[in-house]
Amino acid sequence: METRVEGKPTRVASEFSDNLSETCKMVTPNGRAMHKSDDEIPFDSEINFHHSESSLVEVLGSHSGESLTVHRETLAGIVYRSIQVVIFSNKLNLLMPFGPLAILVQKLTAHLGWVFALSLLGIMPLAERLGYATEQLAFYSGDTVGGLLNATFGNATELIISIYALKNGMTRVVQLSLLGSILSNMLLVLGCAFLCGGIVNHKKEQVFNKASASVNSGLLLMAVMGILFPAVLHYTHTEVRVGKSELFLSRFSSCVMLVAYAAYLFFQLKGQRSLYVSVDEEEVQSGNNSNDDESPDISKWESIIWLSVMTAWISILSEYLVGAIEGASTAWEIPIAFISVILLPLVGNAAEHASAIMFAMKDKLDISLAVAIGSSTQISMFVIPFCVVIGWIMGNSMDLNFQLFETAALFLTVIVVAFMLQEGTANYFKGLMLILCYLIVAASFYVHIDSSE
């Protein structure tokens, strides 16, 4: 009885095994058996997968503490990867140790020339990484908002330096450094973007949105008007109240310029945004975008955290940089005007410089213009009036009288750039012309003696 019961399952199992073997030995149209066909692999893989899955559930169920360790290792891996991407991916970051070195030199020797040079070198990679973090954050928005973010955080360095200079009563340094930022953005940064973009994309003509460029040019001319009239009032000696009318006009004009810039932001982002859609965004909407494979290197919150860290570190070094300007001018026998107009903006505009060139080489001129011209517009229509208001609050009589020579340089620069942008096209020759214009401006300030000194 027992033998018969045991034999029946044995026969059933044997029959099932034979049927399974016959099924696996299916014949191809050529008559060849498929003993090692692809159909067998998913079957075996599924068995192994379920086995591994059940084993994994058992392990996780019996070792819940180990899963927490794995989670912690994952967070540590994210932090390590973020540091590796942001800090160790750019050769310019080799200059970062110069920042702490500047602080050390200040504490030990107080040699202001070296402190200024080291601070200048230390801020440069921080400003560039600030632009990189902003660029990563801009991936989560459109070109218009992305350009605005690049311009805003790109100008954070200039704004921080200006506030520290105002705090130390160095009003003239604030005026000259902000003027230099405008000149640098409009001539050097935009010129390099046009030059590099034209060389890389030499087989086709690069185009950008003329409407947006025209609005920015109009705002820059309005800023020139606000800066020009206090200077004219001063040099023609036609003030109603000598020494007070100029300051009153500057403060009133600053408030008007701030209102105009706020209206511009609303108009650009909310009012008639469809009129200022970039060429790249139009290609995305029409399905002709060739850059769909681009993706951010870091997450949104990582970008925000790095923006905070870089801004804080820049603010610390800016205090040492501003405090060493006069000492560096004496030690190097270089005019303060040249240091303020040429050298300081080279550091502050490192973020805009890198971003504008990179986007131009990718044939995204609308973002390059939003960074370069948008940054100049933001400095002239927001940062400069804001510093006048901040100085007013601090009891510092900062005005919009940038002196005749400086105002003339700004006016001619705005006119030249406006003519370059009126066609809505860019090429390497236009970029070369803008760079050569900047060299003329730099040489002029090197031989210029500031009349306020």
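The model is predicted, so local features need pLDDT of at least 70 and side-chain atom pairs count only at pLDDT 80 or more, while totals for chains, interfaces and linings use all residues. Residues are numbered from 1 along each chain as its sequence is written, and side-chain values use heavy atoms, with hydrogens and water left out.

**Nonpolar core**

- The largest nonpolar core has 103 residues, and those with the most contacts inside it are Phe116, Leu190, Phe194 and Leu421; such a core is a set of buried (under 20% relative accessible area, 1.4 Å probe, protein chains only) Ala, Val, Leu, Ile, Met, Phe, Trp, Tyr and Cys residues joined through side-chain atoms within 4.5 Å.
- Helix 8 (residues 171-200) supplies the largest share of this core, 15 residues, where helices are DSSP runs (H or I, at least four residues) numbered from the N terminus.
- Beyond its neighbours within four places in sequence, Phe194 is in contact with residues including Phe208, Leu365, Leu421 and Tyr428, contact meaning heavy atoms within 4.5 Å.

**Helix 5 and helix 13**

- Helix 5 (residues 112-138) passes helix 13 in a left-handed crossing.
- The contact involves Leu112, Gly113, Phe116 and Ala117 of helix 5, together with Ile325, Gly327, Ala328 and Trp332 of helix 13.

**Positive phi**

- His237, which is not a glycine, has a positive phi of about 55° and is found in the loop between helix 9 (210-235) and helix 10 (245-271).
- Glu333 likewise has a positive phi, near 55°, and its place is in the loop between helix 13 (325-332) and helix 14 (336-348).

Notes
Buried means under 20% relative accessible area, exposed over 50%, partly exposed in between (1.4 Å probe, protein chains only). Helices (H or I, at least four residues) and strands (E, at least two) are DSSP runs, numbered from the N terminus. A crossing is left-handed if the near helix is turned anticlockwise from the far one by less than a right angle, and right-handed if clockwise.
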